[in-house]
Amino acid sequence: MTNHWIDLQHSDCILIMGGNPAENHPISFKWILKAKEKGAKLISVDPRYTRSSKIADYYAPLRSGTDIAFIGGIINYALQNDLIQKEYVRHYTNASFLVSDKYSFNDGLFSGYDAAKRSYNTDTWAFQKNEKGEIIKDETLSHPQSVYQLLKKHYSRYDADTVCAVTGTPKEAFLAVAKAFCETSSPDKAGTILYAMGTTQHTTGTQNVRIYAILQLLLGNIGLPGGGINALRGESNVQGSTDFGLLYGSLTGYLNAPTASAKHATLADYNKNETPTSGYWINKPKFMVSLLKAFYGPNATAENEFGYQYLPKGNKNYSHIAIFESMDKGTIKGMLAFGQNPVVGGPNAGKEHKALAKLDWLVAVDLWETETASFWQKEAGSNPAEIKTEVFFLPACGSYEKEGSISNSGRWMQYRWQAIKPRGESKADLEIIHMLALKIKALYKNRTDAAARPINALHWEYGHGDHPDIDLVAREINGYDYKTGKQLSGFAELKDDGSTCSGNWIYCGFYPEAGNLSKRRDNKDTGMGNYLNWSYAWPMNRRVLYNRAAANPAGQPWSKKKEIIWWDEAKQKWVGHDVPDFAATKAPTSAGGTTPFIMMPNEVAGLFAVRKDGPFPEHYEPYESPVANAFSSVQFNPVSVIWSEEGNKKGDKDKFPIIATTYRVSEHWQSGAMTRNQEWLSELVPHMFIEISEELAAEKGIKNKDRVLVTSARGSIEAYAMITKRFKPMVIRGKKTHQIGMPWHFGYKGIVTGGTANNLTANIADPETTMPEYKAFLCDVRRID
Ligand SMILES: Nc1nc2c(c(=O)[nH]1)N[C@H]1C(S)=C(S)[C@@H](COP(=O)(O)OP(=O)(O)OC[C@H]3O[C@@H](n4cnc5c(=O)[nH]c(N)nc54)[C@H](O)[C@@H]3O)O[C@H]1N2
Ligand SMILES: Nc1nc2c(c(=O)[nH]1)N[C@H]1C(S)=C(S)[C@@H](COP(=O)(O)OP(=O)(O)OC[C@H]3O[C@@H](n4cnc5c(=O)[nH]c(N)nc54)[C@H](O)[C@@H]3O)O[C@H]1N2
Ligand SMILES: [Mo]
């Protein structure tokens, strides 16, 4: 989230698109309702009429996988009707930058496309520079090569008629949403976009998020209270996990993981090629060296590149899909499954189930014996005699049985204390990892070969015996100064000479000498509901990111109604209700005093930005779609990776004419281990079901509660039919089209069991993140007699 949960109350218009917070993030509704009480408009855009839609002022249905068309249409509406905050756009985005004359966009492809590699050479997407190497700008925004004019041209193709023919949205509903949301372009109004998995789980997932950000920038909504672009995060600590390097492409603090390439051969190469020449990221070498010092302690010295060569360097995609494809091929032979259940939650789960049988060993660390831990059993449809995989089960304890911090969607790191002692032999994950690390270190102690070196160099000093001292872990995450032994008070103190350590630079500051700030529980509102003394928000306790943008270039709020920080001439610093996300003493008149997006190389937001699949988001159809792309002859994302069709067939629209999507219900959690093992929740939603429209049910002769078979090119599942008005047939490019929906919480273990939706989904994903396309695929449905 750029903002945070409590801040939603300040919004004038809340667009929920690609999420269903009423059911999946219920606490958010406390603040959404508060905003509504103050007069805010609520919009829900979802293929299905949800509980969030139920209390919305405007509801617009759209076909799954068409968010770019929908928002592209709103961008076009805003630009055509001059409903943008022009001063904001001119000063705080790259709208005025001139793009190379060689850049072009033609029939769905940007310049530089290499069909054989399914990727772009992005050289022609560069900005024009003068002799001094400075970017050439046109502050009037009228130059045909300016980002502003290119953007306008790109989205002029997204007229309301074409958009609605693609999305299936009734035109009046689309125009009502466009009008209501674009009203927030007024400087005294802020609109926010709340999104989650309906947005990201697509072959265009990254660009779906980007197009939301572009719209928000045009309306001047980023950095303002009640504005922003707010990802409603999933698992309780998914924000913390990604901050701490869960994503395969990054180390902690979003430092790119080194790859096996010349540009990362040495630490010097890494620093040279990863560090921009302007913007706050120029400090990257300090973050990297401090991280290496946290990993390797005294074994990290200037002479050995601070242990840089101990880091694993790969050059492949190590995402979920790729890992399972490698298991299937036999290249990966062992797996530690820490708190995950891919046999239910993974894409094309039937294939993942089979891949597990090719492993030599599997260690499942979980509260329950999940479908994944028991994949080899008879009830899973396996023949144990034929499975060679040795499976170990380590009982993990639950969140109430251990202490530690988790970070919420608003980036607040909040400490939680142990409520009860762990049951039986179960242990905290930290303890399990600690024991494993000590054991591995002991096994490698007397070895000097290449594999042993990083393990021996690893500095693992978190107390003695099996019980790690969690406070030592926390202190190291923050970081300290080796000379003084003192805790650092923020990342500005990090050094690249090895004199400081920090396990995660973005959190540096949460644990200064004064103590662990994530334990703070001061419930006093410090202004605007920011509660600055409650827990700790990274970075540097800033609650609303880019809050400099809520003030005009001169440093005064665009509007009194939306003030958060402003320049105080007498005090010569930024003051207000939040910690400035900007150097607090940098005057608006000083160099760089008017550019709020300090993490960007040019310190302005990128309407035009280099991504794998293009500098502007463009609509492509989902991998499996019932129609031809109306916007170009390029059918689906031209750079998404296509995995082998072995066990991963692509469905054809003639055989599988119905669109399907998957989602959550309030009563179940994810793959169901946490809820299908609870009697009360099991009783509330005891069966796998699909939601189908009255019209489709009539066509197929299906009655409410009938057993049905749902089939895709990958597999079939059984379910009960729930006939509903929540889905309606749509007219897509002139043709009546059906969409169905289903939860993905079921499997064969637990108190209640049912068909696994992911036996239907495919291994196809977004090129930037490799997020699977769980939210749009093709299927067929029939009644089981
Ligand atoms: N009760 C409960 N709460 C949960 C979870 C849970 O399992 N149970 N899981 C947690 C986790 S890990 C996560 S990630 C979050 C997920 O939170 P959400 O993203 O809200 O979860 P979903 O229900 O999967 O999807 C949201 C909505 O997207 C819609 N949708 C489908 N396709 C599209 C599309 O192409 N465009 C648009 N605009 N919308 C589409 C679906 O109809 C659905 O209503 O929830 C968290 N909260
Ligand atoms: N079709 C479809 N598939 C999806 C999605 C979708 O929308 N549609 N959503 C995707 C999303 S957003 C997500 S996040 C993934 C989730 O996929 P998974 O992470 O595989 O699913 P979970 O059920 O959350 O698995 C968590 C496991 O952790 C265990 N657990 C709970 N607490 C602890 C603990 O403290 N320690 C340990 N070691 N274990 C613990 C639980 O018992 C459970 O078995 O699924 C994805 N799959
Ligand atoms: Mo998630």
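Hello everyone. Before we start, the conventions. Because this is a predicted model, local features need pLDDT of at least 70 and side-chain atom pairs count only at pLDDT 80 or more, while totals for chains, interfaces and linings use all residues. Residues are numbered from 1 along each chain as its sequence is written, chains are lettered from A and ligands numbered from 1 in the order in which they are written, and side-chain values use heavy atoms, with hydrogens and water left out.

Let's begin with ligand 1. Which residues come nearest to ligand 1? They are Gly65, Met197, Arg664, His668 and Gln670, out of 32 residues around the ligand; a residue is near a molecule if one of its heavy atoms lies within 4 Å of it. By type, that shell holds nine nonpolar, 16 polar and seven charged residues. Here Ala, Val, Leu, Ile, Met, Phe, Trp, Tyr, Cys and Pro count as nonpolar, Asp, Glu, Lys and Arg as charged, and the others, Gly among them, as polar. Helix 1 (21-24), helix 9 (197-200) and strand 20 (658-663) each bring at least two residues to the shell. Helices (H or I, at least four residues) and strands (E, at least two) are DSSP runs, numbered from the N terminus.

Now for the polar contacts, meaning pairs of N or O atoms within 3.5 Å; within protein, one must be able to donate a hydrogen and the other to accept it, and residues adjacent in sequence count only if both atoms are side-chain atoms. The side chain of Ser64 places an N or O atom 2.9 Å from a nitrogen atom of ligand 1. A polar backbone atom of Ser666 is 3.1 Å from a nitrogen atom of the ligand, and a polar side-chain atom of Lys775 is 2.8 Å from an oxygen atom of ligand 1. On its own, ligand 1 has 920 Å² of accessible area, and the protein covers 97% of that. Those areas come from the Shrake-Rupley method with a 1.4 Å probe; for residues, only the protein chains shown count as cover.

On to ligand 2. Its surroundings comprise 26 residues, with Glu235, Asn341, Asp366, Lys402 and Ser671 the closest. This shell divides into 10 nonpolar, 10 polar and six charged residues. Thr662 has a polar side-chain atom 2.9 Å from a nitrogen atom of ligand 2. Gln670 has a side-chain N or O atom 3.5 Å from an oxygen atom of ligand 2, and for Tyr774 such an atom is 3.3 Å from a nitrogen atom of the ligand. Taken alone, ligand 2 exposes 910 Å², of which the protein buries 86%.

Next, the cores. A nonpolar core is a set of buried Ala, Val, Leu, Ile, Met, Phe, Trp, Tyr and Cys residues joined through side-chain atoms within 4.5 Å. Buried means under 20% relative accessible area, exposed over 50%, and partly exposed in between (1.4 Å probe, protein chains only). The largest nonpolar core has 83 residues, of which Phe70, Ile71, Ile74, Ile75, Tyr88 and Leu218 touch the most other members. Which helix gives the most to this core? That is helix 4 (residues 67-80), with nine residues. Leaving out residues up to four places away in sequence, Ile71 touches Leu15, Met17, Ile211, Tyr212 and Leu215; contact means heavy atoms within 4.5 Å. Apart from this core lies another, of 34 residues, including Leu267, Val289, Val473 and Leu494.

Leu494 itself sits in the loop between strand 15 (480-481) and strand 16. With 2% relative accessibility, Leu494 counts as buried.

Let's look at helix 16 (residues 349-356). Why is helix 16 largely enclosed by the rest of the structure? Because six of its eight residues are buried. Those residues pack against helix 14 (320-329), strand 10 (334-338) and helix 15 (342-345).

My last stop is Glu621, in the loop between strand 19 (573-576) and strand 20. Is Glu621 buried or exposed? At 1% relative accessibility, Glu621 counts as buried. Its side chain makes a polar contact of 2.7 Å with that of Arg63 and one of 3.0 Å with that of His619. Asn637 is 16 residues from Glu621 in sequence, and their C-alpha atoms are 7.3 Å apart.
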